[in-house]
Amino acid sequence: MQAFQQLVFSGVQPTGNLHLGNYLGAITKFVALQDTHDCIYCVVDLHAITVAQKPSELTSNIREVTAAFIAAGIDPKKHIVFNQSQVAEHAELAWIFNCVARIGWLNRMTQFKEKAGKDRENASVGLYAYPTLMAADILVYRATHVPVGEDQKQHLELARDIAQKFNNDFLADNPAYADGKGFFPLPEPLIQGPATRVMSLRDGSKKMSKSDPSDNSRINLADDADTIAQKIRKAKTDPDALPSALDGLAGRPEADNLVGIYAALEDKTKLDILQQFGGGNFSTFKSALVDLTVAKLAPIGGEMRRLQADHAYIDSVLRDGANRARERAGATMSAVRDIVGFVR
Ligand code: AQP
């Protein structure tokens, strides 16, 4: 039932330490989709405060993510780049979705379990309701496609369930929607390529993550060339040579991860990389990976630092993007208020 106009939406949390996983799993996809789609990219600051944030760091991290978007190649004039808190409609729709989603659905969300840890009683209500806000972020624009890393797949499925239940609950007796098309599209995740889940450089069983206490576990977009080289040289590996076929990566998560990173940075497949390096030792492969990573990331890091320092420019990009986003979100919310039955 995808009779909706195609529109891409995605977001990144301004929680500091933007890393190679965010870049390969999300930001490179954002850049590529600009040629074929109308795109909205959001710095999701309301999501960031589901865990404690220092206000001054939050401000700086919002500017960091915006700078990273632009440095990586997102065009804020052709597309929309803004921060979530400037468009109140996200929070308004999230409340309505809180009343559509079921507690049982949210109880199944693995990210909440991981982030809340053992002390679940002490987690914020916002952390628990995070996926309904994410559904609102996407659906307030009636977006159809959402580029994300593998870790967000379950939240996207929930967004689809919420859209479906809203359509079922509110439109069944509404003659304006008798065509059965529904009001909200069921958004599709775009999760493709060799690096949809980049793993920690210190432990191939853990996702590369902003909140990992070890800075050596990740390559930050802001790292300089020497730091990138040092982190890759120190990255955990095993004693065997690299395999020449894909099945040789089974049970070798660290090797699999580094090969996936190389493939994604070169825009090739893992098999292409194994055909090039198979049979060789890790030190040769790591040297090539250092050169490639530095060649790709160092210019982005430099541009990011330059842009980030220009607060007036970054803030004007966000304000302009928010004005354009608000117009679209406002139109959706006017229709939603009528559908739900609010008087306005
Ligand atoms: N390791 C990863 N590999 C591939 N994609 C990843 N993403 C995150 N980590 C990886 C994708 O990056 C986008 C933005 O993520 P986010 O900032 O909204 O939140 P997150 O997924 O919680 O990111 P982190 O880095 O893991 O942060 P913390 O440590 O705070 O949990 C998303 O599309 C995500 O899939």
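How do the residues of the lining of the second largest pocket divide into nonpolar, polar and charged? In this predicted model, that lining holds 7 nonpolar, 3 polar and 4 charged residues. The second largest pocket has a volume of about 290 Å³, and among the 14 residues that line it, L24, T28, K29, A264 and D267 lie nearest its centre. Helix 1 and helix 10 (253-266) are the elements that give two or more residues to this lining, with helix 1 giving the most, namely 4 residues.

The largest pocket, by comparison, contains about 1200 Å³ of space, and it is lined by 47 residues, of which Q111, K115, D151, Q152 and K207 are the closest to its centre. Its lining comprises 15 nonpolar, 21 polar and 11 charged residues, and the largest share from an element, 5 residues, is supplied by helix 7.

The ligand takes up the space of this largest pocket, where 21 residues surround it, with D151, K207, S209, K210 and S211 as the closest. The shell around the ligand is made up of 5 nonpolar, 11 polar and 5 charged residues; strand 1 (8-12) and helix 1 (20-33) each supply at least two of its residues, and the largest share, 4 residues, comes from helix 1.

A polar side-chain atom of S209 is 2.4 Å from an oxygen atom of the ligand, an N or O atom in the side chain of H19 is 2.6 Å from a ligand oxygen atom, and a polar backbone atom of G21 is 3.2 Å from a nitrogen atom of the ligand. Taken alone, the ligand exposes 640 Å², of which the protein buries 96%.

Note on methods. Residues numbered from 1 in each chain as written. Predicted model: local features only at pLDDT ≥ 70, side-chain atom pairs only at ≥ 80, totals over all residues. Heavy atoms only, no water. Near = heavy atom within 4 Å. Polar contact = N/O pair within 3.5 Å; in protein donor to acceptor, adjacent residues only side chain to side chain. Areas by Shrake-Rupley, 256 points an atom, 1.4 Å probe, with all protein chains shown as cover. 1 Å grid on protein atoms, 1.4 Å probe; cavity = no way out; pocket = protein on both sides within 12 Å on 5 of 7 lines; lining within 4 Å. Sits in = over half its atoms within 2 Å of the grid points. Nonpolar A, V, L, I, M, F, W, Y, C, P; charged D, E, K, R; others polar. Points joined across faces, edges and corners; volume = space filled by probe spheres on them.
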